[in-house]
Amino acid sequence: QCGQAPFTWLDDPSLGDVIAVEAAVGFRAGSLRDAAAAEGIELPRDPIYDTAVRTISYRTQDRGALVEATAMVAYPFEPADGRTDFDILLLLHGTSGFTDGCGISDLDEYHILGALFASLGFAVVAPDFIGLKSLGDPTGFPHPYLVGQATALASLDAGRALAKLTPGRRGETCARPRVVAFGGSQGGHAALWVDRLAPYYAGELELRGTIATVPPSDILGQIVPALTSVIDATANTIAMLALAGPWYGLADRLDEIFVPPLDGDIPAALAGSCDPEDAVGTYDTLEEVFQPALLAAAAAGTLADFGEWGCLLTENGLTTTTIDRLPPTSESYGILFVLSQLDELVNPAVERAAFATLCARGLR
C-alpha cells in the first residue's frame, strides 16, 4: 500500500514466544481498593484477587520480519476461590512517546491499573507498542505512530505471549483465548484496529468485545483541521507524518511534508524524547512547519489525493481504509465507542460522524 515495498505476514509458530521475564511485583486486593479511593476513583465493585504484575519481552512481527516487543502482564495470584482460568483484557495505552523506553510497561500507574483489572477477574496484557520497548536490544527504528497494522499485530501477539507464559509465571492461572480489547486515545485507535485485523491475523483468539475511548478512528478527518489551523492535534499530526512516513518507505521524502531543516530535525527530536510536546516543539503558524502543497491540499479538501502521504492517512483510518472488516461470529459481540464532549485533542464532531459511518457499515 501507498508505495511501500511489498511484504507478507509471517505464519510463524514463534510469534508470541516469551523471550525474557522480569521479576513480579505483588498487589493485595485491599491495597488496590485503598489506592483507588485515594485517587477519588469509585470502583464498580471491590477488587477480589491478590495480583502480580511483571514486564516481559516477546516475539512479534513488523513488515514481514520477526522483531521483539515488550508488555506488562498482570494476573490473579493464587486465587483463594480456586478459580484458575481468566479471559484476557488487552489494555492499549494512549500516546506515551516515540522511541524505545517510552512505553508504559515500567510505569507504576500502569502497574496499578493492570493489577486493578486483574483483581476484578482478568488476565491483563498491556503492550508497549513496536518501537517503545523497555527490555532488550534497541528496536532499530522509531515507533510507527498511529499505523494501525503495526500496532494491532504487536498487540495480538502480546495476547499470545500472555497465554504462552509458563504457569509459574502467571500465578498458576490459565489465560483463556477469549479477548476484550480496551484502549484510550491512541489506544482507542489501536483497539479498533485489533477489531479489524484479529480475524485475519489471530483467528485462534476469540475477540469478545472492544472498548474504544476517545479514538481518532477517522485519521484523515482528524488531520484536516490540524492542517488548517494550529490546534492541539497539530503536534500529533507532525508526529504521525514524521513516523508513519518512514514506516511506508518515505523517510527520504519528508521534505515533501516539512519545511527544511525540520524534515531532519523533527524525526531526530522524536527519536530522542518521550514527551510529544518537547519532541515536536511549539510553532505559531502552520507555514513554519509544513510545505505549502500539503496545506493547500488540506484547505481544498483533497488531502486524500496527496500522493503516498494522502494514501497512508487514508489507510490508517477505520472509516477510509481499503481493508474490509470481517464480521465477528458471535451475535453478542459489540463495540463501546466513547467520546468526550469537550475533547480538545480528538475532535468529537469528526468522531461522531465516524461513529455513524462505522455503524452504517455493520459495526455494532
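Visitor: Why is Glu68 called partly exposed?
Guide: Its relative accessible area is 31%. Buried means under 20%, exposed over 50%, and partly exposed in between, using a 1.4 Å probe and protein chains only. So 31% makes Glu68 partly exposed.

Visitor: What kind of model is this?
Guide: This is a predicted model: local features need pLDDT of at least 70, side-chain atom pairs count only at pLDDT 80 or more, and totals for chains, interfaces and linings use all residues. Residues are numbered from 1 along each chain as its sequence is written, and side-chain values use heavy atoms, leaving out hydrogens and water.

Visitor: What makes Glu68 and Lys133 a salt bridge?
Guide: The closest N and O atoms of the pair are 3.5 Å apart. A salt bridge needs a side-chain nitrogen of Lys or Arg within 4 Å of a carboxyl oxygen of Asp or Glu. So the pair Glu68 and Lys133 qualifies. The partners are 65 residues apart: Glu68 sits in strand S4 (residues 65-76), Lys133 in the loop between strand S6 (123-128) and helix H3 (148-164). Helices (H or I, at least four residues) and strands (E, at least two) are DSSP runs, numbered from the N terminus.

Visitor: Is Lys133 buried or exposed, and how do you know?
Guide: Lys133 has a relative accessible area of 6%, so it counts as buried.

Visitor: What makes Arg176 and Asp87 a link between parts of the chain?
Guide: Start with the salt bridge: the closest N and O atoms of Arg176 and Asp87 are 3.0 Å apart. Arg176 lies in strand S7 (residues 174-184) and Asp87 in strand S5 (residues 85-92), so the pair ties together parts that are 89 residues apart in sequence. Arg176 is partly exposed at 25%, whereas Asp87 is buried at 13%. Salt bridges that share partners join Asp85, Asp87, Arg176 and Arg178 into one network.

Visitor: How many salt bridges does the whole structure hold?
Guide: A search finds 15. One of them joins Arg63 and Asp62, with the closest N and O atoms 2.7 Å apart.

Visitor: Why is the link between Asp62 and Arg63 also called a polar contact?
Guide: Their side chains come to 2.7 Å. A polar contact is a pair of N or O atoms within 3.5 Å; within protein, one must be able to donate a hydrogen and the other to accept it, and residues adjacent in sequence count only if both atoms are side-chain atoms. So this side-chain pair qualifies.

Visitor: Why is Asp62 called buried?
Guide: Its relative accessibility is 5%, so Asp62 counts as buried. Arg63, at 27%, counts as partly exposed. Asp62 lies in strand S3 (residues 51-62). Not counting residues up to four places away in sequence, Asp62 touches Val67, Ile130, Phe141, Ala150 and Trp247. Contact means heavy atoms within 4.5 Å.

Visitor: How do you know that Pro215 is buried?
Guide: Its relative accessible area is 0%. Pro215 is in the loop between strand S8 (206-213) and H5. Leaving aside neighbours within four places in sequence, its contacts include Ser185, His189, Phe337 and Glu351.

Visitor: Which residues make the contact between H5 and H6?
Guide: Helix H5 (residues 219-226) contributes Ile219, Ile223 and Ala226. Helix H6 (residues 232-247) contributes Ala233, Thr234, Thr237 and Met240. By class, the contact has five nonpolar, two polar and no charged residues. Ala, Val, Leu, Ile, Met, Phe, Trp, Tyr, Cys and Pro count as nonpolar, Asp, Glu, Lys and Arg as charged, and the others, Gly among them, as polar.

Notes: Axes fitted to C-alpha atoms, helices over the stretch in contact; angles between N-to-C directions.
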